[in-house]
Structures are given as C-alpha cells and as structure tokens.
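Student: Could you pick one part of this structure and take me through it closely? Then please carry on from there to whatever else is worth a look.

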Amino acid sequence: MQDETNAVTYESQDGVATITINRPKQMNAIDGAVEEGLAKAWRRFNASEQDRVAVLTGSGDRAFSSGRDRDMTEPPDYRRFTPGGVIQVDKPIIAAVSGWVVGGSIVLVQMADLCIATENTRFVFPEARLGFGGGFIASIAGRIPHKIAMELMLLGEEIGVQRMYEVGFVNRIVPAGEHLAVAQDMARRLARNSTLVIQMFKRFTAAVLPKSPVEASSVALREIEAMAASADFHEGVAAIREKRAPIFQGK
C-alpha cells in the first residue's frame with residue numbers, strides 16, 4: 001500500500017515502511033512540503049503496528065537529496081522532521097542513498113541507524129562556503145572520527161563513498177541502482193528480529209552517542225511540547241481560570 005503527498009511517499013510492505021523524498025526534478029531538495037511530509041511519515045511509522053523498520057531514500061538516480069531548496073527564504077528546522085529530533089523514533093531506520101547527498105540531507109543519514117550507498121554516492125556539506133548553517137550536523141562528530149567530521153563541515157568539499165565507508169558512515173557500497181533493494185532486504189531481515197530487543201539497543205545507543213547543542217535542544221523541545229499537549233497541562237490552565245484546585249491524572 002502506497003500513500004503519496006506532493007513531496008514524500010510512504011509505502012508499507014512486509015513490515016517495512018519505505019519513505020521516499022519524491023522531488024526527482026529538483027534533486028529531492030528539501031522545501032516546506034518535504035519537511036511536513038517527513039514529519040508526517042515518521043509519526044505514521046511510529047503509530048504503525050505493521051511497520052517495524054523504515055527505509056529512507058530519494059527518488060531518481062541523481063541525488064538522495066541536494067539539501068535545502070534554493071527557493072527557500074528560511075533555513076529548514078531539521079529538529080522538526082529528522083528522526084530522533086522532536087520526533088523520537090525507536091524503530092530502526094536504514095538510509096538508502098545514491099548520487100549526491102548534500103548539506104542537511106547528510107543529517108538525515110547520520111540519524112539513521114544503517115546506510116546502504118551506491119558506488120557513485122558523493123557527500124558534501126557546503127554550508128560554511130555559503131554562509132549559513134543550522135548546527136545539527138555537528139552530531140556527526142559522534143558518529144565518525146573527529147578530524148573527518150571537521151573536514152566535512154569546515155572545508156565543504158566532496159567526500160567520496162569509499163572514504164565514508166572506511167570511517168564507518170556507510171555500511172554497504174553497492175552497484176548503482178541496487179541500494180533500495182539491498183536496504184529493503186536488510187530491513188525485512190531486521191523486521192524478523194525481536195522488536196523489544198532492537199528498540200532497547202537503539203535507546204541505549206542514543207543515550208551514549210554525543211549530541212550537538214541543536215540535537216540536545218530538540219530532545220528538550222520534544223519533552224516540553226509533549227507536556228504542553230498533555231491533559232494535565234490543560235487541566236492546570238482550566239483550574240487557574242475556574243479558580244479551583246487542579247486534578248492531575250499524570251497524562
């Protein structure tokens with residue numbers, strides 16, 4: 001079963017959710033519709049009883065994503081649509097990438113648990129050369145060696161897939177066009193394993209990985225927004241308005 005928006009698709013099959021950035025003519029650039037579509041997809045994935053593993057990919061063969069859409073006047077807030085940011089995702093995520101992985105789209109890959117990349121994949125984070133940056137990318141220093149992370153962020157020059165494999169950012173390098181099939185096969189194997197054990201390992205790993213200030217702020221924002229949406233919050237507001245003692249339910 002496949003559900004589509006203008007910018008993101010969600011396909012569910014065999015316990016695997018395939019989430020696709022679907023703007024191939026724009027090299028899957030991240031605009032407001034992609035932000036909204038990804039946030040919606042992660043919430044759907046969390047709520048699904050059938051989908052146990054997600055594969056995140058991009059349409060076409062030119063790019064997983066070219067990063068921020070050039071027509072955007074405001075920088076994307078990756079905290080809002082990156083898994084592990086404001087939206088916590090305890091289920092495993094596999095990134096399946098090909099072609100260019102540019103700018104903030106690297107953040108989406110770094111927050112996935114596994115990565116399958118084609119032999120023509122190229123990573124570049126040009127923000128320092130362009131004069132803007134959100135800061136979430138700094139968490140990559142907790143996932144690859146420090147000097148390689150600094151080279152990626154400070155120089156803004158291309159790093160090939162072989163080197164990213166050697167430093168542990170990529171799990172498998174596959175021939176062009178095979179990344180999605182390989183990722184989906186891996187996802188189906190993962191889906192047969194114990195959900196409780198997998199999610200425990202993912203939570204424990206998240207607890208020991210260093211977080212950039214932006215990633216840490218997204219975790220705090222997640223908790224604050226959950227509190228603000230709670231029944232207890234609304235009960236407290238109502239009690240003040242009605243001049244009575246609140247009756248909290250812990251939910």
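Tutor: Start with V237. Is V237 buried, partly exposed or exposed? Its relative accessible area is 38%. Buried means under 20%, and exposed means over 50%. V237 is therefore partly exposed. Keep in mind that this is a predicted model. Now place the residue: V237 belongs to helix 9.

Now follow the chain to the end of helix 9. E242 and R244 join their side chains in a salt bridge, with N and O 2.6 Å apart. E242 has 45% relative accessibility, so it counts as partly exposed. R244 is also partly exposed, at 32%. A separate group of salt bridges with shared partners ties D77, R79, R80 and E225 into one network.

K243 sits in the segment after helix 9. Is K243 buried or exposed? It is exposed, because its relative accessible area is 79%. Its backbone deserves a check as well. Most residues other than glycine have a negative phi. The phi of K243, however, is positive, near 55°.

Find M27 in the loop between strand 3 (16-21) and helix 1 (32-47). With a relative accessible area of 23%, M27 is partly exposed.

Back to charges. Side chains of opposite charge can pair when their charged atoms come close. How many salt bridges does a search of the whole structure find? It finds 12. One of them joins R79 and D77, at 3.1 Å from N to O. R79 is partly exposed, with a relative accessible area of 22%. D77 is partly exposed as well, at 27%.

Another salt bridge pairs D90 with R203. Their closest N and O atoms are 3.6 Å apart. Where do these two sit? D90 is in the loop between strand 5 (63-65) and strand 6 (93-97), while R203 is in helix 7 (residues 195-208). The partners are 113 residues apart, so the pair links distant parts of the chain. D90 is partly exposed, with a relative accessible area of 21%. R203 counts as partly exposed at 38%.

Helix 7 leads on to the pockets. The largest pocket has a volume of about 630 Å³. It is lined by 29 residues, and those closest to its centre are M111, A112, D113, R143 and L209. Which element gives the most to this lining? Helix 7 does, with 6 residues. Helix 2 (105-110), strand 8 (114-118), helix 7 and helix 8 each supply at least two. By class, the lining has 15 nonpolar, 6 polar and 8 charged residues.

Next comes the second largest pocket, with a volume of about 390 Å³. Of its 18 lining residues, S66, G67, R68, D69 and R70 are the closest to its centre. Helix 3 (residues 127-130) gives the most here, with 3 residues. The lining has 7 nonpolar, 5 polar and 6 charged residues.

Finish inside. Rolling a probe the size of a water molecule over the atoms shows where empty space is left. The structure holds 2 cavities of 30 Å³ or more. The second largest cavity has about 40 Å³ of space. Its lining includes R52, V53, K91, P92 and L190. Helix 6 (179-191) and helix 7 are the elements that give two or more residues to it. Helix 7 gives the largest share, 3 residues. Sort the lining of this cavity by class, and you get 5 nonpolar, 3 polar and 2 charged residues.

How values were computed
Residues are numbered from 1 along each chain as its sequence is written. This is a predicted model: local features need pLDDT of at least 70, side-chain atom pairs count only at pLDDT 80 or more; totals for chains, interfaces and linings use all residues. Side-chain values use heavy atoms; hydrogens and water are left out. Helices (H or I, at least four residues) and strands (E, at least two) are DSSP runs, numbered from the N terminus. Buried means under 20% relative accessible area, exposed over 50%, partly exposed in between (1.4 Å probe, protein chains only). A salt bridge is a side-chain nitrogen of Lys or Arg within 4 Å of a carboxyl oxygen of Asp or Glu. On a 1 Å grid over the protein atoms alone, a cavity is a set of points where a 1.4 Å probe fits but cannot get out, and a pocket is an open set with protein on both sides within 12 Å along at least five of seven lines; lining residues have an atom within 4 Å of a point. Grid points are joined across faces, edges and corners, and a volume is the space filled by probe spheres set on the points. Ala, Val, Leu, Ile, Met, Phe, Trp, Tyr, Cys and Pro count as nonpolar, Asp, Glu, Lys and Arg as charged, and the others, Gly among them, as polar.
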